[in-house]
Amino acid sequence: MAAAATAAEGLPSRGPPGEVIHLNVGGKRFSTSRQTLTWIPDSFFSSLLSGRISTLKDETGAIFIDRDPTVFAPILNFLRTKELDPRGVHGSSLLHEAQFYGLTPLVRRLQLREELDRSSCGNVLFNGYLPPPVFPVKRRNRHSLVGPQQLGGRPAPVRRSNTMPPNLGNAGLLGRMLDEKSPPSPSGQPEEPGMVRLVCGHHNWIAVAYTQFLVCYRLKEASGWQLVFSSPRLDWPIERLALTARVPGGALGEHDKMVAAATGSEILLWALQAEGSGSEIGVFHLGVPVEALFFVGNQLIATSHTGRIGVWNAVTKHWQVQEVQPITSYDAAGSFLLLGCNNGSIYYVDVQKFPLRMKDNDLLVSELYRDPAEDGVTALSVYLTPKTSDSGNWIEIAYGTSSGGVRVIVQHPETVGSGPQLFQTFTVHRSPVTKIMLSEKHLISVCADNNHVRTWSVTRFRGMISTQPGSTPLASFKILALESADGHGGCSAGNDIGPYGERDDQQVFIQKVVPSASQLFVRLSSTGQRVCSVRSVDGSPTTAFTVLECEGSRRLGSRPRRYLLTGQANGSLAMWDLTTAMDGLGQAPAGGLTEQELMEQLEHCELAPPAPSRGSLPSPSPRISLTSLHSATSNTSLSGHRGNPSPPQAEARRRGGGSFVERCQELVRSGPDLRRPPTPAPWPSTSLGTPLTPPKMKLNETSF
C-alpha cells in the first residue's frame, strides 16, 4: 500500500521494476515504468529515481523536467524499444538531449550516424595535409639593419592636415616586445604558440606564421609540398606576413623569393633559396604600427593608418620611410602602389622608380584623383586591361568612401595627361565601404553593415568598361563572420573573407561564421551562391585561411589550380581543391548558409550587444572588425556543467592539444618569463546533469 501511494505521487523512492512513473517534460505529461527509465546505468534517470538528484514536482505530483518534450518523445521510445526513430527531430538536437540524459548507447548510435559521411581523409576536395612543424629551439639574436636615411634624416612633413584616424579594431595594438617577455594578445590574453596565425601563398610557395616563428613550403612536381625554411624563434608574436616567390632565374637572383613578418613597428625580412635555406636580409622599423605588409614585385611595402609608408627596394637595398596623408586603403597595379586617404585623395607611387640616394630624395608620391565630396577613400581596387587589348593603356579604378558611396573612375588612352575621369557613382550603402573589387565581369562592394555585399555586372567593349548597357545590379547578400576578441579564434588578418581569385576569373568569399568553427563556406563573390563547404579533417578549429593560385606543372594538358589553405589550432595545414569545386558549381545549395546550418554554427555561442564603435572610419586592415567574442572560459561560470565532452569533442580536444602544441608550450615556458596561455579548468561534475557540450561563447548580435 505504501509503495502504491508513493508511485501515485510520482516520488523518486525505490520501488518495483513495474512501478509507473509520471513525468512532466516541458509541460507535456509522459507515463512509463521504472524499469524503462533505469535500464541504462549511471544515466540521468537512474540518478533521479535513486534520489541522488533532487526533484521538482508539479501540482499532480509528476516529476517535472524542464526540457523539450518534442525531442523527449523519441528518447523515451528508444528506452522502451531500444530502436531509434528520429523522424521529425533534427539529429543534432537529439544528440544534444541524449548527452544531457547520459544515455550512452543512444549517444554512440547518433554519433555513428552523424559520422557516416565524414572521414579523417576528408572529402573529394581534400588535397593534402601538412603536419605541425618542429618548434624551433634556437632563438634569434636581436639586431636591426636600417637604411642611412633613418640614422640622420627626418621624415618628410605631412602634405595636408591630419583628420581623425580610422578605427583600428584589434590591429596594431601590440608594440615592440621586451627582450625577455612575451606580450599579451590585444585582449590581454597570452598567445597560443602552436596555433596557425597567418597563411599566405605565392606561385608554388606557402608561408605559415605561428606565434613566434614562421615556416615556408615549396611545391615540387614529383614529391609535393616540402618544408624548405623555418625561421628562428622570435621574441615577438607575428601580426603580419608577406611572401613573394617569382619564377626561378629572375634578374634579382636570391631576392626573387622573400618572406617578411611584422609586429608593431618592426619588420623582419628573409631571402629564400629554392634548395631549402634562407638568410636574414635585415630588420626595418616603420616607427608606427604596421597595418599592412605586402610585396609589389620585389619591393616590400609597409603602410600605417597614420599616413606613413615604408618601401624596401631589392635592387638598391635601401629602406625608405615617408609621410603622406592618413591611409585608409591601398591597392597595387603593376609597379604602381595606390593609396586611398581619409581626405578623399588617391595617391600613387611608382615603387620601381626609386631614387638611388635615399637621404637626398623622397619617394615620388603624386595625387591621382580627389573625391568630389572629399569623403575618405576606405576601399580601393585597380583594374588594368590586358596587354593584348587594342585600347592601349587603359586604367580603371573603383573605390568606396566613408559615407558608403561607390565610384568608378577611368583614364582614357588619349587623355592620359589629364588624369582619371569620374565614370559611375552608386549610393547603395549606408555604412562605410570596407572592401571593393573591380574585375573583368563584376563590380563588388562590401560595407561595414556586417559584411553586406552588393554586386553589379560589368559590360565591356574591346576590354574597356562600357556604359552601353552599363553596370547593372546583380545581387545583395551578407557574409556573416564573427571575430574573436581573445585571440583564440586566430589573428584577424588571417581570417580575411576576400574576395579571392584572379580578376579575369570567378572570385570567391571564404566565410567562417564563428571563431571556433572547423567548417568554412566558399561562396561566389558575384552572387553569394555556395560553391562548397569544407570541414577540418582532424576536428580542430580553423584559425587562418587563404586562397592560392598555384601554377600548373610542365606536363602536357596541365592547368593552374586554385587551392584553399586552412591553418588549424593544432598547428597543421590542410589544402582543398577549389578548382574541382568550381568545376562542379551548381551541385551545392543555391544560396549561402541555411537556417539549420547557421544554428549548428551558433549552437555553442551566445549573442551579446555589439561593442561601441571606436572611430569614424573602418580599419584599413584586410578584414573589418565586425563583432567581439569573449571566451566563456574566462568570464562565465561552468558550475552548472557536469561530466566530460562527448567522444567527438574529446577527440577534437585531444588532437587540438597534441604533442606539437605541448612542445611549443613547454619551450615557451622554459624561456625567460615567456608566458603560456592558461589551460581551461576541467568542467566540474555536479548532480544536476546538464548537457555534455563545450562551454558557450559570447558573440555580438548581428544579422545573418
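Predicted model: local features only at pLDDT ≥ 70, side-chain atom pairs only at ≥ 80, totals over all residues.
**Whole chain**

I went through the overall numbers next. The chain has 704 residues, and 56% of them are buried. Its secondary structure comes to 12 helices and 39 strands. For the accessible surface I noted about 30300 Å², with 51% of that belonging to carbon and sulfur atoms.

**Helix α6**

Then I picked a helix, α6, which spans residues 104–114. Which of its residues are buried? I wrote down Leu 106, Val 107, Leu 110 and Gln 111. Those residues cover an arc of only 130 degrees around the axis, so they sit on the same side of α6. I also checked the face turned away from that buried side, where Arg 108 and Leu 112 are exposed.

**Ala 379**

Next stop was Ala 379, which I found in strand β21, residues 377–384. Is Ala 379 buried or exposed? Its relative accessibility is 3%, and the cut-off for buried is under 20%, so Ala 379 counts as buried.

What does Ala 379 touch, once neighbours within four places in sequence are left aside? My list has Ser 329, then Ala 398, Tyr 399 and Gly 400, and finally Val 433, Thr 434, Lys 435 and Ile 436. I looked at Pro 432 as well: it is 53 residues from Ala 379 in sequence, yet the two C-alpha atoms are 9.0 Å apart.

**The sheet with β31, β32 and β33**

Last, I traced an open sheet of 3 strands, in the order β31-β32-β33, with antiparallel pairing. Which strands are at the edges? They are β31 (508–511) and β33 (530–535), since each pairs on one side only. On average, neighbouring strands here are turned by 20 degrees against each other, direction ignored.

A reminder for the page: strands of a sheet pair through backbone hydrogen bonds, either parallel or antiparallel.

How many bridges join β32 to β33? I got 5, with β32 covering residues 519–524 and the two strands running antiparallel. One pairing I marked is Arg 523, whose bridge partner in β33 is Arg 530.

Key. Residues numbered from 1 in each chain as written. Heavy atoms only, no water. Buried < 20%, exposed > 50% of the residue type's maximum accessible area, 1.4 Å probe, protein only. Helix = DSSP H or I, 4+ residues; strand = E, 2+ residues; numbered from the N terminus. Arc of directions from axis to C-beta. Contact = heavy atoms within 4.5 Å. Pairing = 2+ DSSP bridges. Axes fitted to C-alpha atoms, helices over the stretch in contact; angles between N-to-C directions. Areas by Shrake-Rupley, 256 points an atom, 1.4 Å probe, with all protein chains shown as cover.
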